[in-house]
Amino acid sequence: MYGAGDVRVENVPDPTLQAPTDAVVRVVRACVCGSDLHPFHTMPASAQGSPMGHEFIGVVEEIGSDVATLQRGDFVIAPFAYSDNTCEFCREGLHTSCRQGGFFSTAQAEAVRVPLADGTLVKAPVGEDSALLPSLLTLSDVFLTGHHAAVRAGVNPRTTVTVIGDGAVGLSAVLAAKRLGAERIVLMGRHKDRTDLGREFGATDVVAERGEKGIANVRELTGGDGTHTVLECVGYMSAYEMAYGVVRVGGVISRVGVPQYEEAPIGFGSLFGRNITLTGGPAPVRAYIEELLPDVLEGRIEPGKVFDRTVGLDAVPEGYRAMDAREALKVLVQP
Ligand SMILES: [Zn+2]
């Protein structure tokens, strides 16, 4: 990406092992993330350009001499953050804060260098032609980001849920909340083709209105009180304002949309007066992959339905454009 709206496909040197704990993974599928659209809107023009992409699955091509758990030819899922999986933060399930960790940024490509390969990569018993590839790719970020929102919120069979946002993360949050047993899931979104998938994933109600009207409608659906949990999957201030508008007394707002603001209401009228908890953050997806992988492998969930377009590497710029124009919900990249 060379600046807002300016995505190019270029030849760059192949990734190579740089540390004995590295692996090189050939990318079988990658994708464009909603968060990639933020720089697509705002990145200042640059002569240098930045590589893009943080979600991928693929095949191990090379391993460093210290890599113990992987072999060439293994099919692997890469979380969007790399981590050692051994430090105290990783052991607490906070892999995005790993003391040695960091974030991938070169996955919209043919191959990726993976630091801390033993800690980072999770093997999956599938071949490159598996029909499960789209759903496996969602374990790299989008589905587990939705899952994280639900986990941080404490979603369970006794909690009512509002999901704000009908993008791929919001729909994933619906599916995750359903999986965790929620019986009442209100999805706030205004694109019917997307909210239809939300209903398929488990949403019981859809509220298309936004702002004060949207808040009023969610409250009306819930006897005036709002829902126990709110999964905010957008990141704009307007979504946060809706979140504290629809959360029930004593409830939890869990944010996984990357906030595009640093200051927000937290006082008596928004959070404090009604004992509201605010939580959320970058999903430590590495902590969740092993737990959720069997549900994908055994077909109990199909989170890969969020992908509605597939492009080759040459068409990645068109993929950004299509997602930005909301012509595509989420774009799969097949190098
Ligand atoms: Zn760690």
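This is a predicted model: local features need pLDDT of at least 70, side-chain atom pairs count only at pLDDT 80 or more; totals for chains, interfaces and linings use all residues.
## Strand pairing

Two strands pair if DSSP finds at least two bridges between them.

## Domain layout

The protein splits into domain 1, residues 23–141 + 284–333, and domain 2, residues 145–280. Their C-alpha centres are 26 Å apart. Domain 1 gives 14 residues to the contact, and domain 2 gives 13 residues. On the domain 1 side that touches domain 2, six residues are nonpolar, four are polar and four are charged.

Strand 1 covers residues 23–31. How many of its nine residues are buried? Eight are, so strand 1 is largely enclosed by the rest of the structure.

## Partners of strand 1

Strand 2 spans residues 56–63. Seven bridges link strand 2 to strand 1, in the antiparallel sense. Within this pairing, arginine 26 has valine 59 of strand 2 as its bridge partner.

Strand 6, residues 111–114, also runs antiparallel to strand 1. Four bridges join these two strands.

Which strand made of residues 331–333 pairs with strand 1? It is strand 15, held to strand 1 by two bridges in the antiparallel sense. Alanine 30 stands opposite valine 333 of strand 15.

Methods:
Residues are numbered from 1 along each chain as its sequence is written. Domain bounds come from an automatic or database domain assignment. Two residues are in contact if their C-beta atoms, placed from the backbone, lie within 7 Å. Ala, Val, Leu, Ile, Met, Phe, Trp, Tyr, Cys and Pro count as nonpolar, Asp, Glu, Lys and Arg as charged, and the others, Gly among them, as polar. A residue is buried if 20 or more other C-beta atoms lie within 10 Å of its own, exposed if 12 or fewer, and partly exposed in between; C-beta atoms are placed from the backbone.
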